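Here is a short briefing to keep beside the viewer as you look around.

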Amino acid sequence: DKGKEQARRAGEQLAELYQEGSISKVFVSPLSRARDTLELCRKTAPLPTGEIVLADLREVDLWDWEGRNKADLRRERPDEYEAWKGQPLLFSVSGKKPIVDLWARARNVWREIHSQVPEDPSSGTILVVCHSGIGQALLSTALGEDERSFRRRALPNCGAVELEWIDGYVASTDGGVASMDSDCLANRWRWLIPNTSEWILCKAQG
């Protein structure tokens with residue numbers, strides 16, 4: 001089907017972009033969609049075995065919205081739906097704030113990844129296989145953006161971005177220096193799959 005073909009194509013593009021051994025570690029969501037995507041990519045991409053499963057890489061938790069029809073939610077819960085579409089800081093479901101929680105999980109993921117990655121930039125590229133919502137949160141938190149940036153950059157199905165941390169240390173949000181195991185910002189980023197863009201310098205670095 002279309003999704004499997006997109007995953008296979010993503011694997012082919014990863015094979016074109018990265019040589020054998022250049023991707024040193026893989027982190028993946030526990031959900032089957034991400035695990036299946038990873039296995040399809042692995043058929044053609046030079047990926048290491050022994051991927052690390054992180055629970056925080058799961059998709060956004062929508063609680064009692066899960067499985068509900070969008071039209072029904074728009075009609076039955078107009079205030080919640082309006083916040084979901086345009087006010088992520090205010091969006092609340094079942095007494096929870098899904099987008100605020102999503103951003104918190106993204107920050108936890110970066111801390112976990114940085115704690116497991118050597119500070120030497122020659123140690124290789126890290127691949128993270130997840131979902132659209134948490135993918136947006138990962139990109140935004142790496143750029144120093146809060147929950148208001150939700151929906152700012154739509155990630156295509158099986159799409160990818162590349163982030164770069166130079167020398168293992170980057171500028172923190174308070175202008176100091178953050179080590180790899182603390183809140184930190186990337187130096188630059190770019191769209192990678194399906195189409196590769198020019199590198200974009202992060203605002204905090206420029």
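This is a predicted model: local features need pLDDT of at least 70, side-chain atom pairs count only at pLDDT 80 or more; totals for chains, interfaces and linings use all residues.

**A guided look at the fold**

P194 is found in the loop between β7 and β8.

**The antiparallel sheet**

- β4, β7 and β8 form an open sheet of 3 strands, in the order β4-β7-β8, and their pairing is antiparallel.
- The edges of this sheet are β4 (160-164) and β8 (200-201), each of which pairs on one side only.
- Between β4 and β7 (residues 188-193), which run antiparallel, there are 5 bridges.

**The parallel sheet and the helix across it**

- Another open sheet has 3 strands in the order β2-β1-β3, with parallel pairing.
- Here the edge strands are β2 (52-53) and β3 (125-129), and each pairs on one side only.
- β1 (residues 23-28) is joined to β3 by 5 bridges in the parallel sense.
- In this pairing, I23 stands opposite T125 in β3.
- Helix α2 lies across β1, β2 and β3, and α2 runs at about 155 degrees to β1.

**Helix α1 against helix α2**

- Two packed helices are described by the angle between their axes and the distance between the axes.
- For α1 (residues 2-17) and α2 (residues 32-42), the axes come within 7 Å and cross at roughly 50 degrees.
- That angle makes α1 oblique to α2.
- The crossing of these helices, α1 and α2, is right-handed.
- On the α1 side the contact is made by K4, A7, R8, A10 and G11, while α2 brings T37, L40 and C41.
- Sorted by class, the contact of α1 with α2 has 4 nonpolar, 2 polar and 2 charged residues.

**Helix α5 against helix α6**

- Helix α5 (residues 98-116) packs on helix α6 (residues 132-142) at an angle of about 65 degrees, and their axes are 8 Å apart.
- α5 and α6 are therefore roughly perpendicular to each other.
- The crossing in which α5 passes α6 is right-handed.
- From α5, the residues in the contact are L102, W103, R105, A106, R107, V109 and W110; from α6 they are G133, I134, Q136, A137, L138, S140, T141 and A142.
- The contact of α5 with α6 divides into 9 nonpolar, 4 polar and 2 charged residues.

**Salt bridges**

- How many salt bridges does the structure hold? There are 18 salt bridges in the structure.
- One example to pick out is between the side chains of E12 and R9, with 3.2 Å from N to O.
- Both E12 and R9 belong to helix α1, where they are 3 residues apart, about one turn of the helix.

**A backbone detail to check**

- W63 has a phi near 50 degrees, which is a positive value in a residue other than glycine.
- To find W63, go to the loop between β2 and α3 (70-76).

Note on methods
Residues are numbered from 1 along each chain as its sequence is written. Side-chain values use heavy atoms; hydrogens and water are left out. Axes are lines fitted to C-alpha atoms, for helices over the stretch in contact, and angles run from 0 to 180 degrees between N-to-C directions. Helices (H or I, at least four residues) and strands (E, at least two) are DSSP runs, numbered from the N terminus. Angles under 35 degrees count as roughly parallel, over 145 as roughly antiparallel, 65 to 115 as roughly perpendicular and the rest as oblique. A crossing is left-handed if the near helix is turned anticlockwise from the far one by less than a right angle, and right-handed if clockwise. Contact means heavy atoms within 4.5 Å. Ala, Val, Leu, Ile, Met, Phe, Trp, Tyr, Cys and Pro count as nonpolar, Asp, Glu, Lys and Arg as charged, and the others, Gly among them, as polar. Two strands pair if DSSP finds at least two bridges between them. A salt bridge is a side-chain nitrogen of Lys or Arg within 4 Å of a carboxyl oxygen of Asp or Glu.
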